[in-house]
Amino acid sequence: MPEETEIVRKIFELYIQGNGVRRIKCYLEQCGIKTATGKSEWSTSTIDRMLSDEKYTGRVLLQKTVSTGAVQIENDGLMDRYLYTDTHEAIISDEIFTAVQQEKLSRSKEPQNHVAMRTTF
């Protein structure tokens with residue numbers, strides 16, 4: 001477990017330093033760091049999801065998605081979400097997690113994600 005903790009911290013650190021998920025993937029693979037399931041090859045989508053997952057701050061958010069019967073969809077207010085705190089030890093500080101979320105938003109190519117950023121200037 002300590003090794004996995006250090007890997008998570010390294011991924012967040014690399015992202016804050018300006019590395020994208022593809023560069024982080026290359027770093028992990030070149031260093032011979034395996035995924036949690038023991039694979040040698042990392043998925044960029046896995047790294048991206050890790051960077052957005054609040055569980056690393058010691059919190060758990062339930063009902064992020066909703067089942068429609070045949071498919072899972074994003075829960076955009078369809079149902080209540082539940083945030084549990086102090087369920088486990090934090091790996092990443094709130095400050096680092098927030099910095100990564102802000103950085104992800106600023107790097108986003110989708111214009112709607114920049115609206116909030118423009119209003120702060």
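**View 1. Lys25 and the residues it touches.** Leaving aside residues up to four places away in sequence, Lys25 touches Glu41, Trp42, Thr44 and Ile47, where a contact means heavy atoms within 4.5 Å. This is a predicted model, in which local features need pLDDT of at least 70, side-chain atom pairs count only at pLDDT 80 or more, and totals for chains, interfaces and linings use all residues. Residues are numbered from 1 along each chain as its sequence is written, and side-chain values use heavy atoms, with hydrogens and water left out. Lys25 sits in helix α2; helices (H or I, at least four residues) are DSSP runs numbered from the N terminus. With a relative accessibility of 17%, Lys25 counts as buried (buried is under 20% relative accessible area, exposed over 50%, with a 1.4 Å probe and protein chains only).

**View 2. Arg23, an exposed residue of helix α2.** Helix α2 spans residues 21-30 and includes Arg23. Is Arg23 buried or exposed? Its relative accessible area is 55%, so Arg23 is exposed. From Arg23 to Thr44, 21 residues along the chain, the C-alpha atoms are 9.2 Å apart.

**View 3. The largest nonpolar core.** Here 18 residues come together as a set of buried Ala, Val, Leu, Ile, Met, Phe, Trp, Tyr and Cys residues joined through side-chain atoms within 4.5 Å. Those with the most contacts inside this core are Ile11, Phe12, Ile24, Leu28, Trp42, Ile47 and Leu51. Two or more residues each come from α1 (2-16), α2, α3 (44-52) and α4 (94-107), and α1 gives the largest share, 6 residues.

**View 4. Ile24 and its contacts.** Not counting residues up to four places away in sequence, Ile24 touches Ile11, Leu14, Tyr15, Asn19 and Ile47.
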